[in-house]
Amino acid sequence: MPTPNAQAGLAPPPGALAPPLRRRLACFLYEGVLLFGVVFVCALIYSVLTDQRHAMVGRLGLLLTAFVLAPGVYFTWYWSGSGQTLPMQTWRIHLQTADGRRLTRARALGRYLTAWIWFLPALALAWLAGWHDSGAHLAAVLAAGVALYALSSKLHPQRQFWHDALCGTRLVDTRGTPPARA
């Protein structure tokens with residue numbers, strides 16, 4: 001039976017369980033596919049606005065715009081709005097504060113910045129090992145780093161990711177909750 005919060009279209013209650021790791025990782029992969037398009041469009045806009053004719057000229061600005069600014073705006077917007085991106089809606093996962101409230105833009109931005117912990121240790125290892133120029137090595141190190149970080153959520157008492165614990169946020173399973181009405 002749906003809870004009163006679910007009937008009113010509100011966020012899941014604070015006691016809701018974390019989604020299974022498999023679903024969170026499937027959502028993560030779907031998010032990556034969707035972000036490919038977002039990053040591509042933002043890089044195209046950046047290139048047109050700056051009259052960039054070669055990928056290596058203005059490379060730092062392009063990288064910051066495409067891989068930091070664009071995803072940061074995307075995630076901050078959705079997480080502070082509905083608490084869900086399109087992949088999160090599809091996989092019935094909701095993001096909320098630890099006490100069940102909607103995220104502020106500042107908290108959503110903080111979560112985005114701390115979520116880089118998924119990638120930064122592996123990127124640092126690849127850089128130190130001299131593998132930053134080898135696509136295959138870099139991809140393998142990144143995949144291993146992401147897998148280890150995801151598995152580390154099994155050590156958290158509520159099975160949350162560690163960046164969520166740092167930010168006072170959590171992912172909750174909304175499979176038993178009917179979708180909110182528009």
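In this predicted model, R175 and D173 meet through their side chains in a salt bridge, at 3.1 Å from N to O. A salt bridge here is a side-chain nitrogen of Lys or Arg within 4 Å of a carboxyl oxygen of Asp or Glu. D173 has a relative accessibility of 17% and counts as buried. Buried means under 20% relative accessible area, exposed over 50%, and partly exposed in between (1.4 Å probe, protein chains only). The pairing extends to a further residue: R23, D173 and R175 are linked in a network of salt bridges.

Local features need pLDDT of at least 70, side-chain atom pairs count only at pLDDT 80 or more, and totals for chains, interfaces and linings use all residues. Residues are numbered from 1 along each chain as its sequence is written, and side-chain values use heavy atoms, with hydrogens and water left out.

Side chains of opposite charge can pair when their charged atoms come close. A search of the whole structure finds 5 salt bridges.

One of them joins D164 and R111, at 2.4 Å from N to O. D164 lies in helix α8 (residues 162-167) and R111 in helix α5 (residues 105-114), so this pair ties together parts that are 53 residues apart in sequence. Helices are DSSP runs (H or I, at least four residues), numbered from the N terminus. Both D164 and R111 are buried.

Another salt bridge links R53 with D51. Their closest N and O atoms are 3.0 Å apart. R53 is exposed, with a relative accessible area of 74%. D51 is partly exposed, at 48%.

Notes
Helices (H or I, at least four residues) and strands (E, at least two) are DSSP runs, numbered from the N terminus.
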